[in-house]
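Please walk through this model with the structure open beside the text.

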Amino acid sequence: MDFSFTEEQELFRRSVREFCEKKLAPWANEINEKGEIPHAILKEMASFGLLGITISERYGGSGAGFINATIAAEEIARVDVSMATAVYYLVEAGWGFLMDRYASEKAKEEILPDITKGKTFLGIASTEATGGSDIASISTRLEKRNGKLILNGAKTFISGVREATRYGGGYVTIVNTNPDLKNKGLSLCYLPVKDVKGITTSIFEQMGREGISTGTININNVEIPEHFLIGEWNRGFYYAMEGFNCARTLVAAACIGAAEKALESGIEYIKERHVFGTPLAKFEGIQFQMAEEYTKLEAAKLLVHKAAWMLDQMYAENRFSIGEINKAVATAKLVAPTTAFDIIKDVLTWYGAYGYTREAGLERGLRGVYSYIIGAEGAQNIMKIIIGREILGKEFAPY
Amino acid sequence: MIFVFSEDNETSFEILAEARKLADSSKSKIAAISFGGGEDDYIAGGADIILSINIEPHEDSVVEGISQLIDQYNPEILLIGSTKFGREVAPRIGQRFGAGCATDCIDFSKDNENLIVKRLVLGGRFIATQRFLRKPRIATVPPRRFEKNIDKSRKGEIIKISFYPAETRVQVMETKKKAPQEMRIEEANIIVSVGRGLKKKEDLKLIEALANVFGGAMGCSRSIAVDLKWLPEEHWVGLSGHKVNPRLYIAIGISGQVQHIAGIRDSRTIIAINKDPNAPIFKACDYGIVGDLYDIVPRLTEILKKQS
Amino acid sequence: MTVEIIVCLKQIYDLAQIKIDTSKRPATEGIAKKLSDFDKNALEEAVRIKEKHGGNVSAVIKGTKDAAKEALSMGADEAIVYNVDTDSLGTAYILAGVIQNMKYDLILCGEASIDEYSFQTGPRLGHALGIPVLTYARKIEMQDGDVVVERDLEKGYEIAKEKLPALVTVTKEINEPRIPTLMQILGASKKKITEMSPFKPDAGVETLSILAIEMKRKEVIIKDVEDLAKVIMAER
């Protein structure tokens, strides 16, 4: 057993940290205030190899495994604790990987190079008005008519709608291809959204992660070429679960990155800040809280790193069953967002009135991380259902 | 014997004064080395002998010239001004004689016969005490570190040395004047920083003028960068802005909120100018002066300009 | 013409992470190490010269193997590492011993390491190898068999020319070192690293102690602007 990162992984972390501190950190305030990540920054991230990092080299990616992808997610969230940049990064890393694995060669050649260049955006369109986590009830229909693929329906609470309609790009979209078969009647396709006939979008104002948009995509008789079908017809549920495992691991990584940065700044602050002539850090009320939060963070990190490692082992060495992977990812995704939320909340409280200001930069972390408690990339209770199902067996599943 | 050399005249005098203390304690003599003439005052500055070489100083000729003098006089100690020029020639001479060299020494003392020096290391947060294992003991001395000590009544001897160096291989094609440089505030040696005490944006030029006297960077408190937006955020010093560690941080009209103090903690020396004697910055500075910045800063700039 | 370049680098502690232990000494345990900043400028410049003129970049590094990996990720073609602690005199002896058996046209060093700030290695090594030294370069041009540099001196810039082989030390203004990408890091794992264990040479200076500078502020109130000016002159 070995808990250390390899020399290359340590070097990569230092590299990403240097890149993020130099190139991304100066924009963190503006990303939060203006509600967008400047396209120039995205392109810079792309030329550093961060966007679509898991996509293979032939499409301009780095072919990164999930440990390296996790390292990058943590580092990005450290400098933009609002989660906006991390969200942009991780949906592309998670779902770009899935496209690379299952999309047609023609689709990959058309779509992926622009993603890895930072020109266009790739997201995931799963949630519908009836709910997000219960994907078996997805009703957006994909039908074959005269050798063409026609889509109808609507997706909502979708990350990056403004980015995708502005820069171009599209979504790995979960669609219903056979209403009688429930899970087994789902398929995956790529849906472009910029200047596409039959696509209309709208944007939500959100409570957090302002730097990346969230919106609705209405799909009305949209025709896509046949090669945009991802993988096999009616196998979409399995692909989607696989993609969610990838993306959820990176979500958990982003949460611990933001939490780690917050805790570090909090520790500096409590040593510096004096109350009644004593540093805050000397008060047990603060010191014990710090010790507890540090411990929780370490625990969450181990779960996240283990999940990433298991994914790499699965893809490279064919180890672990899907069930084991599902369980490991679900535990990481269950623990990391709440842990991050608690840590940021405590640090904000240590900061006192200053913590409540925008300038302290903590409240945006709190709001950003909260999106992952609510359920982006899978609600917390869904994680519990997955863990329960894997431990107790399918016969105890509530659905 | 102690050799003293700097191509910068002021620095020579400063080193001579410090060398005098070392020489007096061990009854040795000081030889000031001069290139290209104009050296007479070195006796008044503390030298016993002036070794006057008849050529203009260039890196190669100085290395060659001083090395020949070392062969001839066998000095115990060689002190060289820590200018860019001096920092190049000192180690080259050291390598030639298989001797060590301590750069930018800020303190000299004697331990029996050996020379003990102190210098800043590890980002200026630590001080190293070092001694020499072989001779000559070579140290470079930062300009403006020591006060010169002129005594016109001092007597000494000038020895003229004719020296014909091998022709230098380096060919200097052109020299250009320098424009004041933009630097990242984290890397600045000196930061002149301003806060809410400044009344209007145009007055920033007072602060800039002071910073320009020694090529320092301009910093500011949160209110100047964030609220008033008089300076871009690159200049914002503080926990949420930039954490800095200059040799000298001058806080002008900055009250000293905890976030600001945390950002300047690692500065070596902090100077505060503020009209409120109860401002917390006075509890976090090394030197403070109570008064109106509009009165103090222009006067200070004038005095420093004259001395630089 | 192609250029054979050797770059000398030193691996140092990340200074910002160094803490002070209870006996006021620097606490370095568990602290990440990295290549010293200006040395990275030297390596970056070497790689750029190679990209323009062709040739080979060898990194000679004082440090551990991961420092070699960092240099290779940044574009060095091969790396030689050794890890012997000594002073500038000893360092020059070691480097000269390693380099004298190598082929080179140009040797690049950072002007100083950011932990010691001694500014010695470049000038000493040039002397030890018997080649000319040009210090504080903020620009380097190769011109058929010559190197032309713009030296950043206190009062101005000096453009100087020298026949190869020569040693040049660079300032941080010369370029912005590339940050290695994942692909470059993984690609570097195929490049050659030679580990050497040279004898510990004679040193010229011995460090007796390294202690934290007392952080207690003096809190001296000065009345007169003239006195304030004196303090500033002394502390600058």
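**A strand pair across two chains**

Thr175(B) has Glu158(C), in β10(C), as its bridge partner. The strand that carries this pairing to β10(C) is β11 (residues 171-177) of chain B; six bridges join the two, and they run antiparallel. Strands pair here if DSSP finds at least two bridges between them. Helices (H or I, at least four residues) and strands (E, at least two) are DSSP runs, numbered from the N terminus. The model is predicted: local features need pLDDT of at least 70, side-chain atom pairs count only at pLDDT 80 or more, and totals for chains, interfaces and linings use all residues. Residues are numbered from 1 along each chain as its sequence is written, while chains are lettered from A and ligands numbered from 1 in the order in which they are written.

Now widen the view to the interface between chains C and B. Here 58 residues of chain C are in contact with 63 residues of chain B. Contact means that the C-beta atoms, placed from the backbone, lie within 7 Å. Elements of chain C that each supply at least two residues to its side include α3 (88-99), β8 (133-143), β10 (156-163) and α6 (225-235). By class, that side has 32 nonpolar, nine polar and 17 charged residues. Ala, Val, Leu, Ile, Met, Phe, Trp, Tyr, Cys and Pro count as nonpolar, Asp, Glu, Lys and Arg as charged, and the others, Gly among them, as polar.

Chain A also touches chain C. That contact takes 15 residues from chain A and 14 residues from chain C. Helix α1 (residues 7-24) of chain A gives the largest share of the chain A side, nine residues. The chain A side has six nonpolar, four polar and five charged residues.

Next, a helix in chain B. Which residues of helix α5 (residues 204-213) of chain B are buried? They are Ile207(B), Leu210(B), Ala211(B) and Val213(B). They sit on the same side of α5(B), because they cover an arc of only 155° around the axis. The arc is that of the directions from the helix axis to the C-beta atoms. A residue is buried if 20 or more other C-beta atoms lie within 10 Å of its own, exposed if 12 or fewer, and partly exposed in between. The buried residues of α5(B) pack against β12 (190-194), β13 (217-220), β14 (248-252) and α8 (293-307) of chain B. Gly215(B) follows α5(B), with a positive phi near 60°.

Chain A is split by an automatic or database domain assignment into domain 1 (7-121), domain 2 (122-230) and domain 3 (236-396). The centres of domain 1 and domain 3 of chain A, taken over C-alpha atoms, are 20 Å apart. Between them, 24 residues of domain 1 are in contact with 29 residues of domain 3. On the domain 1 side, α4(A) supplies the largest share, ten residues.

Finally, the cores. A nonpolar core is a set of buried Ala, Val, Leu, Ile, Met, Phe, Trp, Tyr and Cys residues joined through C-beta atoms within 7 Å. The largest has 236 residues; Ala254(A), Ile344(A), Val4(B), Val7(C) and Ala71(C) have the most contacts inside it. Helix α8 (residues 236-272) of chain A gives the most to this core, with 19 residues. Apart from it lies another core, of 46 residues, and Ile207(B) is among them.

Key. Two residues are in contact if their C-beta atoms, placed from the backbone, lie within 7 Å.
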